[in-house]
Structures are given as structure tokens and as C-alpha cells.
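Hi,

Here is the structure I promised to pass on. Have a look at it first, and my notes follow below.

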Amino acid sequence: MAGPVRHQGAPDGKAATEGGPQPGKASPKGKAKNGKPRPRDKKQRPAHSVRLNEHELAIIRSGAEHVGMSVAGFLAYSGLAAARDQSRTAAAIATERDVLTALFGVRRQLGWAGSNVNQAIKALNSGAAAPHFAATLADLQRAAQAVQRAADRITNRQEGQAA
């Protein structure tokens, strides 16, 4: 029994409406669709992503806007500039390491000083003498000054970068 010929697509020979194949139109593989393909290099360039917090992104956006570049272009240009001048980049990174090392040391000192102050206060509250209390307060003052010096170094470095 020969019935109607069943085609893929619309049964009446008109265009399919749901994105399926069109009757009477073959789509040979390898042929470009309408429009021109975008020009590409021989090899596709690798893409890289960078994670930034809001403050870092705001600084980079500001820098990019200031020189009239996109954020991606600014990141690429500044990254290449840093890679080309490695002695200067190494000095900046070393300064940051020094500041971080100083801040971690200060944190330890403040922890020790806080523990000693608590012990001295406990002794004073129980009526005992605290002969080393003055030395403990001097340690605490030295630690606070170290924090101030580290904060000043960070502030001076940021002011120098902004200029």
C-alpha cells in the first residue's frame, strides 16, 4: 500500500517552523552560512581569566579609563610592561613581601603583648605585684610603632603609584 511520501520537515513541502531541516534545501557540511566568518590568526590565541576583588577592579577600571583603554587591554599592556621590566617588578614584589613579613611579625608581637597584659591585669586584680608591667607596656608600644611604620610604608607606596 503506497501512501503519501513522508518527508522530514513540514508535510506540505513548506518551510519547517521549528528550526528543523528545510525541504528541498540541503545543508552541505563545510559550506559557510550567510555572512562572513571572522578573521582569525593561524592559531587561536589562548584566553586567560583574572580574579579581582571590587577594590582591585575599581583601581584597574580607573587606570584603563584614564588612558582610554578597555580593562582587558589595560591588563594585557600593564602585564607585559611588568614582565619586560623584571628588575623593577621584582623590587615592587619584594617591598610587598617585606611589608607582609613585618605585619605578620607585628601580629605575633601584639599577641604576646596582649597575653602578658592579661596576665599582669589578673595579677593586679588579685592583689599581687606586677613588676614586669612596665616592660610589657613598652613591648606593646614597640609593636604599635611597628604597625604604624608598616602602614606608613604601604601608604607611601600607594601614593607613589598614584603619582
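Predicted model: local features only at pLDDT ≥ 70, side-chain atom pairs only at ≥ 80, totals over all residues.

Some overall numbers for the protein first. Of its 163 residues, 10% are buried. The accessible surface comes to about 14300 Å², and carbon and sulfur atoms hold 55% of that. As for contacts with a separation of 6 or more, 35% of them are between residues 24 or more positions apart.

With 14 residues at 1.5 Å a residue, α1 should span 20 Å, and the distance between its end C-alpha atoms is 20 Å, which agrees. Which residues of α1 are buried? They are Leu 57, Ile 60, Gly 63 and Ala 64. Looking down the axis of α1, these buried residues fall within an arc of 130°, so they line one face of the helix. What they pack against is α2. Over on the other side of α1 you'll find Glu 54, His 55, Glu 65 and His 66, which are exposed.

Next, the loop that joins this part up. Met 69 sits between α1 (54–67) and α2 (71–84), in the loop.

Last, the charged side chains. How many salt bridges does the count come to? One. The partners are Arg 142 and Asp 139, whose side chains meet at 2.1 Å, N to O. That falls within the 4 Å cut-off for a side-chain nitrogen and a carboxyl oxygen. Both residues belong to helix α4 (residues 133–162), where Arg 142 and Asp 139 are three residues apart, about one turn of the helix. Neither end of the pair is buried: Arg 142 has a relative accessibility of 48% and so counts as partly exposed, and Asp 139, with a relative accessible area of 34%, is partly exposed too.

That's what I have for now.

Cheers

Note on methods:
Residues numbered from 1 in each chain as written. Heavy atoms only, no water. Helix = DSSP H or I, 4+ residues; strand = E, 2+ residues; numbered from the N terminus. Buried < 20%, exposed > 50% of the residue type's maximum accessible area, 1.4 Å probe, protein only. Contact = heavy atoms within 4.5 Å. Areas by Shrake-Rupley, 256 points an atom, 1.4 Å probe, with all protein chains shown as cover. Expected span 1.5 Å × (residues − 1). Arc of directions from axis to C-beta.
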